[in-house]
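Work through the exercises below with the sequence and the coordinates at hand. Each task is followed by a stepwise solution.

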Amino acid sequence: MFKTIPIIVMATLCLNLSSNAQEPLKPPALKNQGVIGKIISAFTGESLPGAVIKVNAQNYTTVSSDKGEFILTLSNGTYNLSISHLGYKNKSISIQVPFKESLVIALDNDDKNLQEVEINAGYYTVKDKERTGAISRVTAETIGKQPVSNPLAALIGRMPGVNIEQQSGINGGGFKVEIRGQNSLRTTSADNGNRPLYIIDGVPYPSSPITNSNLSVEGLSAFSSPLNYINPADIESIEVLKDADATAIYGSRGANGVILISTKKAKSGQHTIDMNVYHGVSEISRRVELLNTQQYLEMRREAFKNDNTSPGPTDYDVNGTWDQNRYTDWQEVLIGGKAKNTSLQAAINGGNELTQFTFRGNYSRNTTVTPGNFVDHKGAGALSVNHTSANHKFKASFSASYSIDRNKLGLFDVSKYISLPPNAPPLYDEKGKLNWGLNSSGSPTWTNPIASIYQPYNSKANGFITSALLDYELVKGLFLKSSFGYTNIGLNENLITPISSQAPSPSAVTGTNLSAFNNIETWIIEPLLNYKRKIGPGTIDLVLGATFQKDDQRSERISASGYLSDLYLDNVSVAPSRLGSASSSQYRYNAIFGRVNYNLNSRYIVNLTGRRDGSSRFGPDQQFGNFGAIGLAWIFSNESWLAEKLPMLSYGKLRGSYGITGNDQIPNYGYLETYKATTQPYQGENGLIPSRIANPDFSWETSRKAELALDLGFINDKILLALSHYGNRSSNQLVGYTLPDITGFPSIQYNLPATIQNTGWEFELNTTNIKTTTFSWKSSLNFSVPKNKLVSYPNIEGSSYVYMYTVGASMFRPKAYHYLGVDAQTGVYMFEDVDGNGNDTDETDRKLASRSLTSHWYGGFQNSITFKGLQLDFFFQFVNKTSRYSSTFPTPGALYNQPIEVMDRWQKPGDIANYQMFTQDFGLAGNKDYYLVSSDRFRNSSFVRLKNLSLSWNAPSQWIHQAKIKSLRLYLQGQNLITLTKYPGDPEVGASGALPSLRTVTLGMQISF
């Protein structure tokens, strides 16, 4: 049960503190007259809460209420009012007091004002139209229309240059995130130098999984994402910084891009209570058509015939041990269920112009599509408070969130078992126990795929994130700021393997209890000076700051084994054998940084950024690195001479950037020699042996980035077009270089003289197709074409990468055996004999493949249609990519089921087929099939997917205000609904054999009081 009492107390205190905080600021007392008014949308007629009404020439401003209403208290006379609201055109009117009637002010939609939106760039904000860097943005509105549990899932396909791939359909699974390509040779899970930097409300957040490596066997832990503990409903916006100008202010931490997550903050206005609830179901989005029993047995018997042999005693599927007429659709049995998803969210908001608060809470429950009583419970609470002094010189904000995740979804992914023979034994015997298909000698004939269901896996995760910002204006235009942040994420995991879940064995079967604990703790302090001032015809904006950051990570592991009874599995102290281990590491990061921005006449903009970083991951003489960038922009649409010549052009900007960033994403203490305990005592004493060789001389990996971009707007910005070209080069590659076994060490931390280049084109189009008083239709399209190349690698022939990469070619373009098809006479696969020695599968027969195993281009197409209170949104994701054949299905003919496509096989001399003859041994055909996965016989895994669909209805205000309801919205949402592809299965998860991505449909209601 979640401990919500402290959170409720905090929310109650906030309510009491602000119960009298709703009166607008009033002018000095005069002989006053009341003016009652209402702000509405000229497009829909709906009331507009939060509109700012300013009485010009008076120090008097108020904000419209949740019903769009406001009251002005003024003395007799004539006044000019200015009304503004985000997304609407500003309006000015003149009124005469006394005013005898109610004042209704209708604001027109203004898409151009969207360019005035302040974009979060990390240490500063910038208007979208004035930014010099490459920044993509997704708002809470887009995130809220998607029934997802991880924020990264809401970004897939929606940003140019940001390639996000889901790695598993398991709730809590991971995502591969690449921002403008892969910059580093380090790609392994434990040492991945390509992950972006995550910042949540100014606080760094872990980018790598926090699960214990000893429990990352497969399934959930193998693909875990740390962002699973962030509630998407709490997010206000996500900005992705891509080029050098945008990322350089983060120095080495921004080498692979920066993902800024801003949570929802308190806003001024009357008290509101918002609630959102939805329930839905999920199922796998794509299935593979597999062989039925008759087809499977035909394949198996044909394989024995081709191999000139007969079924042996262990060929249970065809030797009579298993029922020849039995059929089980293992895909249906193991992953064909329906997962249920429930989410409850609530928020309390309040405050006035000086102090605002919001408290949010949520709970979600998710099950899975596999058999068993698996469930994941999540709960979270968040508090945000903003305060501004009466003279507006001092501002303070505070936010804190606490999340709890109780996950019992299981550690193992049973998807790989869909290749079981269709006539395999039933899951349970006649007594209802796990069936092991025992033969006449009492030995198991198969691995029961649901044995893992009876091996309980429990994880308990707790995440705490808090941040505070203090801002004081020392003199006009000079601000002293300081931000403080703290993050603590802990994960306890436990896996129990009972004796009852294991197959009988002649040797004693024992139970095990494996427990692990991981914790990551981060604190950060960043003092900052910001100076803004008009100088001549322009404005200068200066930022000078420092960063002090410390990360502490520790892990513990206890393995208890040898249990002879399942009754004692929960008691580690009685285990016959116990083995424990613990580790801890610390990372310190300090930096100073600065930014100079000058905007001349809102036409010419220059942005200079510099940062000096210090990292504890390098040796004493290599700890500091200098990084910086320059960004330039010319808003040529503001030139007076252009307006007359191009009246259709409403906005035009040319921008470019160049800079250098670094990378220190390597394990801690890599420059030191380390030792570990011996596994075998010497003379009765435990000893130490070297485990890593020292190298204090390796230094920063560096990335040089350049970009040129053009932004255009036509017909009052009804058409917005953005085109950019970028080029990044990463050199001085940091890798764990493999050493020969004779050295006694597996690898050494090292700088490789390799240079990786990523270039690409990005295209974005936003259009307002139709806009009337009752109907609107808007579209957006983004398209990315990335290119990758290993530019140089001196003496690659003498390195361990000689068979992996080719200088001048993409890193994703492997050296492979050149596939020539199926030999019509022998019925086996053929490869090109490059070296001409008669053997076509030597290492020297590998050659550069014609295509890369990656996404060649990708993007998304969004449409939003509104008719009165109805709104329909649908989003298509499209990807053109190439992948290898699935590893889920071994050699056709062996004791595994296969996709139906393998029936197009060679059977007799002269046959032209896509698959070679069936085989079940490691003869000539089996040997050829083994090398097939290392060949250039790739598969087109391109797809178009209806990624998201959302249909909503907003109840008319005149219907609900009588019931004291401010707003009511009913909605139907779907995710991963339709996939068009030639790939047999899920093309997104691909050939990994993991659970396919899920198709989800939810029905919900959002209500505000």
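**Exercise 1.** Is Arg554 buried, partly exposed or exposed?

Solution. The model is a predicted one.
- Step 1: the relative accessibility of Arg554 is 40%.
- Step 2: buried requires under 20% and exposed over 50%, with partly exposed in between.
- Step 3: Arg554 therefore counts as partly exposed.
- Step 4: a salt bridge joins the side chains of Arg554 and Glu556, at 3.4 Å from N to O.
- Step 5: Glu556 has a relative accessible area of 39%, so this residue is partly exposed as well.

**Exercise 2.** Take the salt bridge between Glu901 and Arg939, and state where each partner lies and how accessible each one is.

Solution.
- Step 1: the closest N and O atoms of Glu901 and Arg939 are 2.7 Å apart.
- Step 2: Glu901 sits in the loop between strand 43 and helix 8 (924–932), while Arg939 belongs to strand 44 (residues 939–940), so the pair ties together parts 38 residues apart in sequence.
- Step 3: Glu901, with a relative accessible area of 26%, is partly exposed.
- Step 4: Arg939 has a relative accessible area of 11%, under the 20% limit, and is therefore buried.
- Step 5: elsewhere, salt bridges with shared partners join Arg180, Lys242, Lys653, Arg655, Glu707, Asp711 and Glu762 into one network.

**Exercise 3.** How many salt bridges are there in the model, and how many residues apart are Lys145 and Asp873?

Solution.
- Step 1: the count is 34 salt bridges, with a side-chain nitrogen of Lys or Arg within 4 Å of a carboxyl oxygen of Asp or Glu as the criterion.
- Step 2: Lys145 and Asp873 meet this criterion through their side chains, with N to O at 3.1 Å.
- Step 3: Lys145 is in the loop between helix 2 (140–144) and strand 11 (162–166), and Asp873 is in strand 43 (residues 870–883), so the definition of strands and helices places the partners in distant parts of the chain, 728 residues apart.
- Step 4: Lys145 and Asp873 are both buried.

**Exercise 4.** Which residues have the most contacts inside the largest nonpolar core?

Solution.
- Step 1: this core has 31 residues, and those with the most contacts inside it are Leu152, Val177, Tyr205 and Ile259.
- Step 2: among the elements that give two or more residues to the core are strand 12 (175–179), strand 15 (235–241) and strand 16 (258–263).
- Step 3: leaving out residues up to four places away in sequence, Leu152 touches Ile164, Phe175, Val177, Tyr198, Ser225, Leu227 and Ile259.
- Step 4: a second, separate core of 27 residues includes Val288, Trp322, Leu409 and Val414.

**Exercise 5.** Which strand gives the largest share of the nonpolar surface patch?

Solution.
- Step 1: the patch covers about 1000 Å², and its residues include Phe394, Tyr472, Trp523 and Phe548.
- Step 2: strand 22 (457–475), strand 23 (478–497), strand 24 (511–535) and strand 25 (538–563) each supply at least two residues of the patch.
- Step 3: strand 22 gives the largest share, 4 residues.
- Step 4: Tyr472 lies in strand 22, and its relative accessibility of 36% makes Tyr472 partly exposed.

**Exercise 6.** Is Ser184 buried or exposed?

Solution.
- Step 1: Ser184 is in the loop between strand 12 and strand 13.
- Step 2: with 0% relative accessibility, Ser184 counts as buried.
- Step 3: beyond its neighbours within four places in sequence, Ser184 contacts Gly193, Asn194, Glu701, Gln733, Leu734, Ile756 and Met811.

Conventions: Residues numbered from 1 in each chain as written. Predicted model: local features only at pLDDT ≥ 70, side-chain atom pairs only at ≥ 80, totals over all residues. Heavy atoms only, no water. Patch = residues over 30% accessible without salt bridge, like charges linked within 9 Å, V, L, I, M, F, W, Y side chains within 5 Å. Areas by Shrake-Rupley, 256 points an atom, 1.4 Å probe, with all protein chains shown as cover. Buried < 20%, exposed > 50% of the residue type's maximum accessible area, 1.4 Å probe, protein only. Core = buried A, V, L, I, M, F, W, Y, C linked by side-chain atoms within 4.5 Å. Contact = heavy atoms within 4.5 Å.
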